[in-house]
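Morning, everyone. Please bring up the model on your screens. I'll walk through a few contacts.

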Amino acid sequence: MEKYTLPRGRGGWQESEKELLFSLVEDAAKNGTPLRNVFDDVAAKTGRKPNSIRNYYYISMKQGDAPSCVCPKAAPFRPFEEEELHELISYVLIGRLKGKSVRACVLELGEGDRTKTLRYQNKYRSIIKNRPEYVDSVKKELTQSGYDFPETFTPVRKKRQSSDRIFIESETLKKAYEKGKEDFLSALTELLLNIKEETDGI
């Protein structure tokens, strides 16, 4: 891929770089493309690091320096409150106890909204990986409330077969197909990526 030859002094952003970034952000918002793809694309074209681009983007959004055309479409970062986090972990653990996948649980919590669903999914995976003691504490609370977790219980499903996952997500794909080709392809791509992530580990 050909890189843009953009001069920059002391790391400052040039107007051409800003236009490129926010133009791609606007396109991503219309097409449902993850922002990380935008940051990677801009990095490849400008030589800047994806993390640097991401930081600049969110700082611009916070300071109101971003074009108005992208501001309404960009969901600002919202940290999880303790009550919301507890509800998330409890909901998914109960769902897992009933045989549901993590993806199915967070999809229910997100009420079908892609942004909410990914937010819940990413947070759950982060907590499972980095704060297992918190998950155990919530599990103990649920046990005291009458939920019976067998010894074989796991907070995530591992090594799921693609065919099984596609069956679970069939309703999501069906709804996306009814909306149109782009929505269907986007939902299918997201599903396949999630299958890969879960079969690779958490």
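Thr117 touches Arg103, Val106, Leu107, Gly110 and Gly112, leaving aside neighbours within four places in sequence. Contact here means heavy atoms within 4.5 Å. This is a predicted model: local features need pLDDT of at least 70, side-chain atom pairs count only at pLDDT 80 or more, and totals for chains, interfaces and linings use all residues. Residues are numbered from 1 along each chain as its sequence is written, and side-chain values use heavy atoms, with hydrogens and water left out.

Thr117 sits in helix H6, residues 114–130. Helices are DSSP runs of H or I, at least four residues, numbered from the N terminus. Is Thr117 buried or exposed? Buried, at a relative accessible area of 1%. Buried means under 20%, exposed over 50%, with a 1.4 Å probe and protein chains only.

Next, Ser101. It lies in the loop between H4 and H5. Ser101 also counts as buried, at 1% relative accessibility. Its C-alpha is 7.2 Å from that of Val156, 55 residues apart along the chain.

H4 is residues 82–97, H5 is residues 102–109. They pack at about 130°, axes 9 Å apart. Axes are lines fitted to C-alpha atoms over the stretch in contact, and angles run from 0 to 180 degrees between N-to-C directions.

Who meets whom? From H4, the list includes Leu88, Tyr91 and Val92. From H5, it includes Val102, Cys105 and Val106.

Definitions and conventions. Helices (H or I, at least four residues) and strands (E, at least two) are DSSP runs, numbered from the N terminus.
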